[in-house]
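This report describes the helices, surface patches and chain end of one structure. The sequence and coordinates are shown first.

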Amino acid sequence: MKKLIGILVLLLIAAGVTIWYLKFAGVTHEDIYDAVTEESTKVQSVVDDRYQKLDRKLDRIEGKLDKLLKIANRPLPDGMQRVE
């Protein structure tokens, strides 16, 4: 009987240690969630900054192309026609 009680006590201690380890050791779900949301916010801000810079650059290029097209499509002098 003493042996059975000893085994039960050891099993209870092992179960308690296992529950404590699962609850308090390692990384919690909250820690993972916080890390993921923080990193995704940082990545999103970097992507947004790069997008804004690229958009401004494309606007400048588009303006330059518009000027070039205006120069290329000058009206012909009086009495002249385009060759087709």
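Helices are taken as DSSP runs of H or I with at least four residues, numbered from the N terminus. The model discussed here is predicted.

## Helix α1

Helix α1 covers residues 2–24, a run of 23 residues. From its first C-alpha to its last it reaches 33 Å, close to the 33 Å expected at 1.5 Å a residue. After α1 comes Gly26, which has a positive phi, near 80°.

How many of the 23 residues of α1 are buried? The number is 0, so the helix lies largely in the open; buried here means under 20% relative accessible area.

## Nonpolar patch

Val17 has its place in helix α1. Val17 also belongs to a nonpolar surface patch of about 1000 Å².

Helix α2 spans residues 29–72 and contains Lys64. Lys64 has a relative accessibility of 57% and therefore counts as exposed, the cut-off being over 50%.

Lys64 takes part in a positive surface patch, together with Arg50, Lys53, Arg56, Lys57, Arg60 and Lys67.

## Segment after α2

Glu84 is located in the segment that comes after α2. Because its relative accessibility is 95%, Glu84 counts as exposed.

How far apart in space are Glu84 and Asp34? Their C-alpha atoms are separated by 66 Å, and the two residues are 50 residues apart in sequence.

Key. Residues are numbered from 1 along each chain as its sequence is written. This is a predicted model: local features need pLDDT of at least 70, side-chain atom pairs count only at pLDDT 80 or more; totals for chains, interfaces and linings use all residues. Side-chain values use heavy atoms; hydrogens and water are left out. Helices (H or I, at least four residues) and strands (E, at least two) are DSSP runs, numbered from the N terminus. The expected span of a helix is 1.5 Å times one less than its number of residues. Buried means under 20% relative accessible area, exposed over 50%, partly exposed in between (1.4 Å probe, protein chains only). Patches are made of residues with over 30% relative accessible area and no salt bridge: like charges are joined within 9 Å, nonpolar side chains (Val, Leu, Ile, Met, Phe, Trp, Tyr) within 5 Å. Accessible areas come from the Shrake-Rupley method with a 1.4 Å probe; for residues, only the protein chains shown count as cover. A salt bridge is a side-chain nitrogen of Lys or Arg within 4 Å of a carboxyl oxygen of Asp or Glu. Lys and Arg count as positive and Asp and Glu as negative; His and the chain ends are not counted. The place of a charge is taken as NZ of Lys, CZ of Arg, CG of Asp or CD of Glu.
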